Amino acid sequence: MQKPEKVSYVLAFFAVIAILFFHLLTAVIAGLAVYVTTVTLARRVPANWGGMGREVILGLVAIGVVVVLFGAGFGLWTFLLGHQGMSALLMAVAGTLDHIKRSLPADLVVTLPDTVEDIQTRLADLLRENVQHLSVVGMEGVKVLAHVLLGMVVGGMAALHPYNDAQTWPPLAAALHDRLKVLTESFHKVVSAQIKISLFNTMLTAIYLAVVLPLCGVRLPMTMMLILFTFVAGMLPVVGNLISNAVIVVISLGVAPGVGVASLGFLVLVHKLEYFLNARIVGGEVHARAWELLCAMLLMEAAFGLGGMVAAPVVYAWLKSELKSVGWV
């Protein structure tokens, strides 16, 4: 192994530590998403479009990807927070809690929120108290927005470099480019697997909410919204699934205690299955056994909290690909 390659591995290692330590995972994920999408679309550009024309086309592709991804994410976020989105879900949760409070002991009633504003306040307090553990979900809104935008811009700019002649680059730059290439390939595999997991989780939840419960004579309010919310939340490992499960269980309790218990049992089963499904599907993409990924998740969660657990599949896939490339595994 040449010295520039050794230095590139050291720099990559410290880059991972710095990203997790300074809570930059959101920006990196946004940048990698733009990079992978831009490179995938750019491969469709005819090879005979050389020179300045090709650079212009690639630049337009990168700008288009940034605009579309940011617009889609912002639009979805706005919808979830809109009048018919999360606000309606919060109203349903508040109504359910008000109904539950009537049958609970006085000592427990005082611990439950009274209004939607109270629920929002408690959620905000919870996020502030655990901000270092929820960095993947977001810190302060403006800061996260700036990180996402900057990450997307950097990802779009970086996507133009694979089409330059890497053989003319200095040794260290070429080695760092190789590290980036392996990282993006690993990221693409893991994200594809996470989408499959979210789709599977959403499918099971949809069957339960839209098929099983109606067959039993039970219909939950806002079923379609709950299904959409489950899919979106499922893209956030661990945290999103817990939030969607909590909302479904509370709304189920508002229908009947037995429905709440049934929903809790079903969602706990799905949630536990998701851990092993995550390891198995991601493991299939990166050729790793389930126990390897589970160990990586546990180790990085212990070292860096929830952000480390979220990054663990990508980091482990990246590490194993690099070790395979040098023939060590």
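1. Helices are DSSP runs of H or I of at least four residues and strands are E runs of at least two, both numbered from the N terminus. V36 is placed in helix α2.

2. This is a predicted model, in which local features need pLDDT of at least 70 and side-chain atom pairs count only at pLDDT 80 or more, while totals for chains, interfaces and linings use all residues. Residues are numbered from 1 along each chain as its sequence is written, and side-chain values use heavy atoms, with hydrogens and water left out.

3. The protein has 13 helices and zero strands. Its accessible surface is about 18,200 Å², with 73% belonging to carbon and sulfur atoms (Shrake-Rupley method, 1.4 Å probe; for residues, only the protein chains shown count as cover).

4. Of the 329 residues, 40% are buried (under 20% relative accessible area; exposed is over 50%, partly exposed in between; 1.4 Å probe, protein chains only). Taking contacts (heavy atoms within 4.5 Å) between residues at least 6 apart in sequence, 71% join residues at least 24 apart.

5. Helix α2 covers residues 25–42, 18 residues in total, and spans 25 Å from first C-alpha to last, close to the expected 26 Å (1.5 Å times one less than the number of residues). Its buried residues include L25, L32, V36 and V39.

6. What does V36 contact beyond its neighbours within four places in sequence? The partners are T184, F187 and H188. V36 is buried, at a relative accessible area of 11%.

7. N245 sits in helix α10, residues 239–255. N245 is buried, with a relative accessible area of 11%. Not counting residues up to four places away in sequence, N245 touches L267 and H271.

8. The second largest pocket holds about 560 Å³ of space. A pocket here is an open set of points on a 1 Å grid over the protein atoms alone, where a 1.4 Å probe fits, with protein on both sides within 12 Å along at least five of seven lines; lining residues have an atom within 4 Å of a point. Points are joined across faces, edges and corners, and the volume is the space filled by probe spheres set on them.

9. That pocket has 21 lining residues, with F13, V16, V315, W318 and L319 nearest its centre. Helices α1 (3–21), α12 (290–304) and α13 (306–325) each supply at least two lining residues. By class, the lining has 19 nonpolar, no polar and two charged residues (nonpolar: Ala, Val, Leu, Ile, Met, Phe, Trp, Tyr, Cys and Pro; charged: Asp, Glu, Lys and Arg; polar: the others, Gly among them).
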